[in-house]
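Work through the following exercises with the model open beside you. Each task is followed by a solution that goes step by step.

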Amino acid sequence: MELMTTRTRPTKARFGYATGVLGEAVQLSEKIDSLFRTVYPAGGKPYSLQEAAEGIEALTGEKVSHNTLWKLRTGKAENPTKRVLEAIAKFFGVSPTYFFDDESSERIAKQIELLVLLRESGIQGAQLRSYCELSKEGRDMVGEMILRTAKIERMGREGRAE
């Protein structure tokens, strides 16, 4: 699934590691909400609850109502089945460990953040592939050009010349 993203940036604070029933429900709801806000088809908009419910069933065969998704997304439901969470994970293209393991959750949240930044930067797949094909020296040179260009543009916005 190609991702389209909004300007949200997952952070450790958003995916807090609270303990206890309430903390776990909030944590789960924030993870699910983040997926809805950040992962959706290129050129599209975030999935509605109904679209996600239909997509989950079509992809996995697991029937999850839009009402159940709403409850999970808002923290009104605290104890979904493992199958439901695995189906949601598959629909959004993340590993089910995103919901079950704090270490994996943090790693996946960072990957989502990177995808958000890449999408917002406007970098095309061909550009990124070409960059990856460069030698280490070539990648270093491109990186230096990016930093210098950003510095020049930043100075121009601030009304100063170097």
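Contact, as used below, means heavy atoms within 4.5 Å. The model is predicted, so local features need pLDDT of at least 70 and side-chain atom pairs count only at pLDDT 80 or more, whereas totals for chains, interfaces and linings use all residues. Residues are numbered from 1 along each chain as its sequence is written, and side-chain values use heavy atoms, with hydrogens and water left out.

**Exercise 1.** Determine whether Ser105 is buried or exposed.

Begin with its place, which is in helix α6 (helices are DSSP runs of H or I with at least four residues, numbered from the N terminus). Ser105 has 1% relative accessibility and therefore counts as buried, a class that means under 20% relative accessible area with a 1.4 Å probe and protein chains only. Not counting residues up to four places away in sequence, Ser105 touches Lys31, Thr97 and Tyr98.

**Exercise 2.** Find how the axes of α2 and α4 cross.

The axes, which are lines fitted to C-alpha atoms over the stretch in contact, with angles from 0 to 180 degrees between N-to-C directions, come within 9 Å and cross at roughly 95°. The two helices α2 and α4 are therefore roughly perpendicular, the term for 65 to 115 degrees. Next, list the residues: Glu51, Ala52, Gly55, Ile56, Leu59 and Thr60 in α2 meet Ala87, Ile88, Lys90 and Phe91 in α4.

**Exercise 3.** Identify what Phe36 contacts beyond its neighbours within four places in sequence.

With those neighbours left aside, the partners of Phe36 are Pro46, Tyr47, Ser48, Leu49, Ala52, Leu69, Arg73 and Phe92.

Notes
Parallel < 35°, antiparallel > 145°, perpendicular 65-115°, else oblique. Buried < 20%, exposed > 50% of the residue type's maximum accessible area, 1.4 Å probe, protein only.
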